[in-house]
Amino acid sequence: MADSLETAQLSDDELLRYARQVLLDGWDIDAQIRLKSSRVVMIGAGGLGCPASETLVRAGLGHIHLIDDDEIEASNLQRQTLFLPEDIGKPKAIAAAQMLEKINPLITVRGTVARLNEDNAYELLDMATGKPDLLLDCTDNFATRDVINRISVRYQIPLLSASAIAMQGQLALYEPQLNTGCYHCVFGSVVSDTESDERTCANSGVLASTTAIMGNLQANAALQYLGLTKNPLTNKLLIWDGSQMQQRLMGYRQDAECPICSNH
Ligand SMILES: [Zn+2]
């Protein structure tokens with residue numbers, strides 16, 4: 001957490017803005033202060049990143065850093081809710097950060113146009129100032145997911161990973177510091193083993209509601225993790241099937257032979 005809870009407080013503006021949330025059973029001033037003190041790095045400011053970051057920013061997340069190297073295209077507007085037609089051609093990380101700042105000027109937002117990899121992770125995650133409290137994987141391909149998982153395990157940073165395709169989505173919250181398994185334990189070497197790694201929104205299609213729902217399920221898990229220090233998905237993979245309106249939880253365990261996380 002960026003500030004200690006003892007020194008952090010809520011201003012009158014914050015108390016007014018977050019009044020409906022502080023009233024909640026099971027969510028109080030301390031939870032709101034914990035959220036305000038949290039720093040999240042979100043990788044991917046597209047279909048998942050837009051709704052996830054918007055909800056977190058409206059809810060009062062204190063510090064968010066968006067990393068994305070893509071530019072806005074006309075075909076993004078169907079689901080990437082932070083962008084308007086006049087944003088076409090702009091970098092997603094910058095346009096999204098500007099919109100989030102307008103939505104909630106009480107927090108700090110940063111956008112960086114870059115592709116996160118193992119070489120630039122230390123710098124892009126600002127590790128010199130301390131670890132982020134949570135990484136949000138909002139990307140749309142297996143190769144990048146694998147890289148983000150390696151970074152999460154290497155630096156022992158919790159990883160909340162969402163995916164959305166067609167009318168289906170998945171969500172998991174990995175805590176490498178607890179040795180409860182990682183993305184690789186659940187999905188294995190999908191990248192090298194199959195041809196399905198190229199199945200992304202770009203070539204398979206995605207319904208606008210799928211990314212909106214999965215991004216907000218991701219925000220829902222992040223709010224509980226950051227505000228209430230509770231992982232609602234410990235050793236569980238959430239699977240959403242929009243065509244059947246069904247959600248189910250599938251258990252998983254750490255793979256003792258996992259080449260990414262089993263030696264930690
Ligand atoms: Zn693993």
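Reader: Is Arg58 buried, exposed or partly exposed?
Author: In this predicted model, Arg58 is partly exposed, with a relative accessible area of 45%.

Reader: Which side chain does Arg58 meet in a salt bridge?
Author: That of Glu54, at 2.9 Å from N to O. Arg58 and Glu54 are four residues apart in helix H4 (residues 49-59), so about one helical turn separates them.

Reader: How many salt bridges are there in the whole structure?
Author: A search finds eight. One of them joins Arg115 and Asp69, also given as 2.9 Å, N to O.

Reader: Where do Arg115 and Asp69 sit?
Author: Arg115 is in the loop between strand S3 (108-112) and helix H6 (121-124), and Asp69 is in the loop between strand S2 (63-67) and helix H5 (92-103). The pair links distant parts of the chain, 46 residues apart. Arg115 counts as exposed at 54% relative accessibility, while Asp69 is partly exposed at 37%.

Reader: And what does Lys92 pair with?
Author: Lys92 forms a salt bridge with Asp70, with the closest N and O atoms 3.5 Å apart. Lys92 lies in helix H5 and Asp70 in the loop between S2 and H5, so the pair ties together parts 22 residues apart in sequence.

Reader: Is Lys92 buried or exposed?
Author: Lys92 counts as buried, at 4% relative accessibility. Asp70 is partly exposed at 36%.

Reader: New topic. How many aromatic pairs?
Author: The count is four. Among them, Tyr174 and Tyr183 are edge-to-face, 6.5 Å centre to centre with 90° between the planes.

Reader: Which residues form the aromatic cluster?
Author: Tyr174, Tyr183, Phe187 and Tyr252 form one cluster.

Definitions and conventions: Residues are numbered from 1 along each chain as its sequence is written. This is a predicted model: local features need pLDDT of at least 70, side-chain atom pairs count only at pLDDT 80 or more; totals for chains, interfaces and linings use all residues. Side-chain values use heavy atoms; hydrogens and water are left out. Rings of Phe, Tyr and Trp (its six-membered ring) pair if their centres lie within 6.5 Å; planes under 30 degrees apart count as stacked, over 60 as edge-to-face and the rest as tilted. A salt bridge is a side-chain nitrogen of Lys or Arg within 4 Å of a carboxyl oxygen of Asp or Glu. Helices (H or I, at least four residues) and strands (E, at least two) are DSSP runs, numbered from the N terminus. Buried means under 20% relative accessible area, exposed over 50%, partly exposed in between (1.4 Å probe, protein chains only).
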